[in-house]
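Here is a short briefing to read alongside the model on your screen.

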Amino acid sequence: MESIVSDVAVGMKRGSDDLNLYSTSPNSVTANGNDSSKKLRVEDRMESPPSRVLHIRKLPSEVSETEVIALGLPFGKVTNILMLKGKNQAFLELGTEEAAVTMVNYYTAVMPQVRNVPVFIQFSNHKELKTDSTLNQRAQAVLQAVSAVQDGGSPNSDNSMLDSVLAHAPSPVLRIIIDNMFYPVTLDVLQQIFSKFGTVMKIITFTKNNQFQALLQFSEPVNAQQARLSLDGQNIYNSCCTLRIDFSKLVNLNVKYNNDKSRDYTRPELPAGDGQPAVDPAMAAAYNKDSSLLGAINPMSAAAAAAAAAGRMALSGHSGCSGVLLVSNLNEEMVTPQSLFTLFGVYGDAQRVKILYNKKDSALIQMSDGNQAQLAMSHLNGQKMYGKIIRVTLSKHQAVQLPREGLDDQGLTKDFTNSPLHRFKKPGSKNFQNIFPPSATLHLSNVPEDVTEEDLRLLFSNAGGIVKAFKFFQGHKMALLQMSTVEEAIQALMDLHNYDMGSNHHLKVSFSKSTI
């Protein structure tokens, strides 16, 4: 970590909960905690411009570094942290300003909570967070451990402080609770997810207090610590099945049967037990090969992970929103209810769309629920649509009203309740696992066998824009197509999703996390 400027003060202004920092540089914030006698200024939430450094206030006094870092992890890489436990505050630095903006946007709509206590997050006045290597050591070590695990590598063994954090793992056994379990989570799914962090020896699953729980034993405690640091609070699927992970008091699991409830991977000869289905080796192999779930819990782009966080928070009952969005700064010459339905339908099932009669650059969009509204807002606020940067906020309206019967509103209001194009009507649909932010690369599916690369390049070029790259996969049924800009990809998706390719093939278009 960079060295500290020795004459910088950290402290509190009388009568304020805000932390205030003086720095020798206007673009960095540095703290040593040695001199709290200087007068300090209050950071103004409303006037502070966007910054990748965020100021977090009113934290519970017993909060851990991992819990603070976890607030930022869903939005991108966390690059630095400064804990001020005596003042119940912290500073968190994200890898990019975009990630920080996404995080603040999200937590403006949904109150962040730590240990069921509301906390407050705002932009810092400073652009960079510098911390002394001799101070704040535990927080830095935890951050490095999380970063190492996120990057898929091993922590640096030369770092003694980091080693001490990882070595502090009390047991190789983790206790796992699944919150918001809207879809089944199997023993094989857990093995697949956790095996990224080391050798999984044994798993026992059970239900307690009406919650699905599991005990999972690694070969080494350090692997358990890495898994806990990286996965606690993450979703198995993008909008549900949240992992709550802690250490078990047990240090060894005694597994008697190998079946769909318990497994000892070191003893494949164990019986299945009375009335229990035996382990199907083919099924186990299939789970090990299928990596679709891992994409949902690996580090994602800021917007994608914000959506995952939005899903988790909303499903936990913290969203409090009606599901109606207000979209403003639209291109009123180009926008239609159908185009808004198609774009917002990437993130939820849009039920009704109303372009405002007296303000045609604004529209109300009613999603199926508050969770879907949060997802759409997290992804689409600030995106460029038909040449204009749109703004997406939660509306105070509880529903979008249809025009009175016989009243002509010039086609500005459309009811899509019974549309066959909803992506998320089917429970457990794979679409739940493939929610990604707008990107220049589009995923195409349901492509007829006789359609060529040139056909698709021409089709998407005619939609407006330049096709930079193309690749078929899955035996010609799917393809990745890269436009030159995200705006071009958004327009292409609105124009060409459900495009009739002939032979009863309607093209399916979505945003991809991949690049070509």
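Leaving aside its neighbours within four places in sequence, which residues is A492 in contact with? They are L442, F460, A463 and H497, where contact means heavy atoms within 4.5 Å. This is a predicted model, in which local features need pLDDT of at least 70 and side-chain atom pairs count only at pLDDT 80 or more, while totals for chains, interfaces and linings use all residues. Residues are numbered from 1 along each chain as its sequence is written, and side-chain values use heavy atoms, with hydrogens and water left out.

**Overall picture**

- The protein comes to 13 helices and 27 strands; these are DSSP runs, numbered from the N terminus, with helices being H or I of at least four residues and strands being E of at least two.
- Of the 516 residues in the protein, 52% are buried; buried means under 20% relative accessible area, exposed means over 50%, and partly exposed lies in between, using a 1.4 Å probe and protein chains only.
- Take the contacts between residues at least 6 apart in sequence: 70% of them join residues at least 24 apart.

**Around A492**

- You will find A492 in helix α13, which covers residues 486-496.
- A492 has a relative accessible area of 0%, so it is buried.
- N462 is 30 residues away from A492 in sequence, and their C-alpha atoms are 9.1 Å apart in space.

**Helix α10**

- Helix α10 (residues 337-344) is largely enclosed by the rest of the structure, because seven of its eight residues are buried.
- Those buried residues are P337, S339, L340, F341, T342, L343 and F344.

**Cavities**

- Rolling a probe the size of a water molecule over the atoms shows where empty space is left.
- The structure holds three cavities of 30 Å³ or more. On a 1 Å grid over the protein atoms alone, a cavity is a set of points where a 1.4 Å probe fits but cannot get out, and lining residues have an atom within 4 Å of a point.
- The second largest cavity contains about 70 Å³ of space; grid points are joined across faces, edges and corners, and a volume is the space filled by probe spheres set on the points.
- Its lining consists of F341, T342, G345, V346, G348, D349, L421, H422, R423 and H497.
- By class, that lining has three nonpolar, five polar and two charged residues. Ala, Val, Leu, Ile, Met, Phe, Trp, Tyr, Cys and Pro count as nonpolar, Asp, Glu, Lys and Arg as charged, and the others, Gly among them, as polar.

**Rings**

- A search of the whole structure finds four aromatic pairs.
- One of them joins F470 and F472, edge-to-face, at 4.9 Å centre to centre with 85° between the planes. Rings of Phe, Tyr and Trp (its six-membered ring) pair if their centres lie within 6.5 Å; planes under 30 degrees apart count as stacked, over 60 as edge-to-face and the rest as tilted.
- F470 counts as buried because its relative accessibility is 10%, whereas F472, at 24%, counts as partly exposed.
- The charged end of K360 sits over the ring of Y357, 4.6 Å from its centre; this requires NZ of Lys or CZ of Arg within 6 Å of the ring centre and within 35 degrees of the ring normal.

**Positive phi values**

- Most residues other than glycine have a negative phi.
- N329 has a positive phi, near 60°, and lies in the loop between β17 (324-328) and α10.
- N446 also has a positive phi near 60°, and is found in the loop between β24 (441-445) and α12 (453-462).
- N329 is partly exposed at 29% relative accessibility, and N446 is partly exposed at 34%.

Methods
On a 1 Å grid over the protein atoms alone, a cavity is a set of points where a 1.4 Å probe fits but cannot get out, and a pocket is an open set with protein on both sides within 12 Å along at least five of seven lines; lining residues have an atom within 4 Å of a point.
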